[in-house]
Amino acid sequence: MTFDEAPHPFRDFAAPRVDGGLLIDPPISEMPDKLASNRLSASHWGIEFLGIAIRQLRIAARNELIQAAFRYTNNYRNTTCAVESFQAETTPIVMAGHQPELFHPGVWFKNFVLSDLGQQTNSLPINLIVDNDLCGATAIRVPSLVDGRLTRLSVPFDQPVSQSVPFEQRWIVDREVFRSFDKRVCKTLTGVVEQPAIKQLWPYAQEAADRCASIGCSLSQARHAFEAELGLQTLELPMSVVCRSLSFSNFVLQLCLDPSRWHESYNESLYTYRAAHGIRSHAHPVPALSCEGEWYEMPMWIYGDDDPRRRAAWVRLAGSSIEISDRAERSVKVDISRGGEYASQQLASAASPSFKLRPRALLTTMYARLILSDLFLHGIGGAKYDQLGDRIIQRFFNIAPPDYGVLSATVLLPAALDREPRRSTVSIDRSIRALQFAPESFASVASLPQSLIQQKETLLNNIPERGHRSDWHQQITAVNQQMRGFLDDVAVDLEAQRVLAQVAEKEAQVLASREHPFPVFPIEKMLSTFRRFLNSAP
């Protein structure tokens, strides 16, 4: 049985909902074995990339990765050991990755596990900054007390722009808004959180903004410098730097060399995934790749400094050359007749401010898992979608994909404020309905004529047969309406209770959300929770 024929059950991963909830799959205690197993499996892969064995490509790519990650990280924080201590051929690499955002604590937890796992396994822990993804909102939602009520307010760290562009292309527009972000967040949090992590984080962000002036760089370098203060020992590297390497060019060209089979593997895997999950949308989890004549769409983007809008990358074969183009204004031809090394150098040399070739999500993690690392740590979203990546790997490369870890944690805001409603809106709505259909149930809190209560009781004890209830129903309705006339004060009170319950439930939802960005939390709460996770994790 070949791997593309093997059954592949898809798994579901659910975020823990309670404060202190944890998802670690496999257990941390098993991750060193998974790492070793992945390394052993990779040693038996018989894949070649433009004539270069994957073993050699992995060594070359890791040499590039290690050198670049140390060089990049040393720009803004000191590393605890020398780059010479790590050998690409023998040093295991554990890896995670995320967009350079102010994400919630459950995502941040991955970085703590990454650092801890690196120490446990004598591996090099590297976090990929996915700066080729679009930079969305330039504001965060911050819990705040407004007129004594808990709500969420939007606090910007930069002015919005008219068009979303990749993080690596998104420069800070308003430095004053960026500079004052921490003070505005702290003011918004008054009465909710008194010592948020933003106080310690943001000086690093301002230093980073002076160095690089981009949002993605400033946010990721600030977080990573802050992590050094907290004792985490990891390296980081933007995906935009990885994409300029010879090894990445070699990997991409191998896919482009057989675009028809790549399309078949990619799209058939996607259709299988959609069928298994009952997905009808043509855009979820990713769109299928298109083919137009001799052009094949690839899961990559092309853009440049002069126009940072991402356009789909297309490829076509023309004799001994591969052309990669956005079919608009950017195009590169690579001669493959002189061998893989020469072709890779051509494509890598074409990287410039006007030609940026970047992978989409599935290809990003595929390269990270197959070439760069021995164990990749996913969050819940990445783990779900990368099961599709597994299927593509099986079909196209005919190998068993390497295992990955899945991590998430739930940390809630300190429950210093009691915002739970005394009664739920559901309970109050039942009472409001009872005013109309069972007003006698309020006899203990209001003065209802005993004669009306007895009249309804008599009617209920003498229900006619089906088909003869019209008069009886009219009598019941009339009695209910008469009793309802004595309950106006109760109705007013219930409506007032409902308004208060709605407010309290909304406030409780604010406190119960796991999506608040980590800078709004007290750092000690997050650290104590993470330490408990790491100390108690199976």
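To sort residues by class, we count Ala, Val, Leu, Ile, Met, Phe, Trp, Tyr, Cys and Pro as nonpolar, Asp, Glu, Lys and Arg as charged, and the others, Gly among them, as polar. Keep in mind as well that this is a predicted model.

Let us begin with the open spaces. The largest pocket holds about 840 Å³ of space. Its lining is made of 36 residues, and those nearest the centre are Gln 99, Ala 361, Gly 381, Gly 382 and Tyr 385. Several elements give two or more residues to this lining: β4 (93-98), α3, α12 (361-372), β15 (375-378), α13 (380-397) and β16 (404-409). With the classes in hand, we can describe the lining of the largest pocket as 17 nonpolar, twelve polar and seven charged residues.

Now turn to the second largest pocket, with about 490 Å³ of space. Here 27 residues form the lining, and Asp 131, Glu 168, Trp 171, Ser 240 and Arg 244 are the closest to the centre. At least two lining residues come from each of α6 (198-212), α7, α8 (239-242) and β14. Which element supplies the largest share of this lining? That is α7, with four residues. By class, the lining of the second largest pocket divides into twelve nonpolar, eight polar and seven charged residues.

Rolling a probe the size of a water molecule over the atoms shows where empty space is left. In the whole structure, a search finds three cavities of 30 Å³ or more. The largest cavity contains about 90 Å³ of space. Among the residues that line the largest cavity are Cys 243, Arg 244, Phe 248, Ser 249, Leu 347 and Arg 358. Two or more lining residues come from each of α9 (246-257), α11 (340-350) and β14 (356-359). The lining of the largest cavity has eight nonpolar, one polar and three charged residues.

About 60 Å³ of space lies in the second largest cavity. Its lining includes His 98, Gln 99, Asn 127, Ile 129, Ser 220 and Arg 223. Both β5 (124-129) and α7 (215-229) give two or more residues to this lining, and β5 gives the most, with three. By class, there are four nonpolar, five polar and two charged residues in the lining of the second largest cavity.

Two packed helices are described by the angle between their axes and the distance between the axes. The axes of α9 and α11 cross at roughly 110° and come within 8 Å. Angles of 65 to 115 degrees count as roughly perpendicular, so α9 is roughly perpendicular to α11. The contact involves residues including Ser 249 and Leu 253 of α9, and Ala 343 and Leu 347 of α11. By class, this contact has six nonpolar, five polar and no charged residues.

Finally, look for the rings. The whole structure has 20 aromatic pairs. In one of them, the ring centres of Phe 112 and Phe 530 are 4.6 Å apart and the planes lie at 55°, so the pair is tilted. Because Phe 112 sits in helix α3 (residues 105-121) and Phe 530 in helix α18 (residues 523-536), the pair ties together parts that are 418 residues apart in sequence.

Definitions and conventions: Residues numbered from 1 in each chain as written. Predicted model: local features only at pLDDT ≥ 70, side-chain atom pairs only at ≥ 80, totals over all residues. Heavy atoms only, no water. 1 Å grid on protein atoms, 1.4 Å probe; cavity = no way out; pocket = protein on both sides within 12 Å on 5 of 7 lines; lining within 4 Å. Points joined across faces, edges and corners; volume = space filled by probe spheres on them. Axes fitted to C-alpha atoms, helices over the stretch in contact; angles between N-to-C directions. Parallel < 35°, antiparallel > 145°, perpendicular 65-115°, else oblique. Contact = heavy atoms within 4.5 Å. Phe/Tyr/Trp six-rings, centres within 6.5 Å; stacked < 30°, edge-to-face > 60°.
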